[in-house]
Amino acid sequence: MRDPELRLVEVSLAADDVDAMVRFYDELFGAGLEPYEAFGTTFYRGTLDSVRFVLAPNALAGVDAAQNRHQFVYATSDLDALLARAERAGGVVRDRAANVATVLDPDGNTVVLQGTRSSGA
């Protein structure tokens, strides 16, 4: 008997500051988040790297976490340019090393960015 097919189809993220989170994920990752109504509130749906991505208001989700329990890791051909874009989108660069950096999104979730530094640093 073969194992059943399994694939990731959606990632949902509970957000405290939904507007700031929409801006961050749209500007940094081109998520194309669009609002939709469900359960008496507004959610946002788009895609992250071909996977459906949903931002849900944390007031509805009720997540009580001191920090995130997930972490997105992205590879880029120009780490410096992506870090600058992350800051313009409302993110905060928490730390960086030769070819990797950790960025905090507007709700404080960590996103790891890996790649080549255009400055050669």
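## Packing of H1 against H3

In this predicted model, the crossing of helices H1 and H3 is right-handed. By class, four nonpolar, no polar and four charged residues make up the contact of H1 with H3. H1 covers residues 18-29 and H3 covers residues 79-88. Their axes come within 9 Å and cross at roughly 155°. Because angles over 145 degrees count as roughly antiparallel, H1 is roughly antiparallel to H3.

On the H1 side, the residues in contact are Arg23, Phe24, Glu27 and Leu28. On the H3 side, they are Leu82, Arg85, Ala86 and Arg88.

## Arg85 in the helix contact

Arg85 is found in helix H3. Leaving aside residues up to four places away in sequence, Arg85 touches Glu27 and Leu28, and both of these partners belong to the H1 side of the helix contact. Arg85 and Leu28 are 57 residues apart in sequence, yet their C-alpha atoms are 6.3 Å apart in space. Arg85 has a relative accessible area of 35%, so this residue is classed as partly exposed.

## Salt bridge within H1

Three salt bridges are found in a search of the whole structure. One of them joins the side chains of Glu27 and Arg23, with an N to O distance of 3.1 Å. Glu27 and Arg23 are four residues apart in helix H1, which means that about one helical turn separates them.

Glu27 has a relative accessibility of 38% and therefore counts as partly exposed. Arg23 is also partly exposed, because its relative accessible area is 39%. Glu27 and Arg23 are both among the H1 residues that meet H3, and Glu27 is touched by Arg85.

Another salt bridge pairs Arg52 with Glu10, and the closest N and O atoms are 2.5 Å apart.

For Arg52 the relative accessibility is 36%, and for Glu10 the value is 31%.

## Salt bridge at Arg94 and Asp95

The side chains of Asp95 and Arg94 also meet in a salt bridge, at 3.4 Å from N to O. Asp95 has a relative accessible area of 36%, so Asp95 is partly exposed.

Most residues other than glycine have a negative phi. Asp49 is not a glycine, but has a positive phi of about 50°. Ser50, likewise not a glycine, has a positive phi of about 70°.

Asp49 lies in the loop between strand E3 (41-48) and E4, and Ser50 lies in the loop between E3 and E4 as well. Asp49 counts as exposed because its relative accessibility is 66%. Ser50 is exposed too, with a relative accessible area of 75%.

Conventions. Residues are numbered from 1 along each chain as its sequence is written. This is a predicted model: local features need pLDDT of at least 70, side-chain atom pairs count only at pLDDT 80 or more; totals for chains, interfaces and linings use all residues. Side-chain values use heavy atoms; hydrogens and water are left out. Axes are lines fitted to C-alpha atoms, for helices over the stretch in contact, and angles run from 0 to 180 degrees between N-to-C directions. Helices (H or I, at least four residues) and strands (E, at least two) are DSSP runs, numbered from the N terminus. Angles under 35 degrees count as roughly parallel, over 145 as roughly antiparallel, 65 to 115 as roughly perpendicular and the rest as oblique. A crossing is left-handed if the near helix is turned anticlockwise from the far one by less than a right angle, and right-handed if clockwise. Contact means heavy atoms within 4.5 Å. Ala, Val, Leu, Ile, Met, Phe, Trp, Tyr, Cys and Pro count as nonpolar, Asp, Glu, Lys and Arg as charged, and the others, Gly among them, as polar. A salt bridge is a side-chain nitrogen of Lys or Arg within 4 Å of a carboxyl oxygen of Asp or Glu. Buried means under 20% relative accessible area, exposed over 50%, partly exposed in between (1.4 Å probe, protein chains only).
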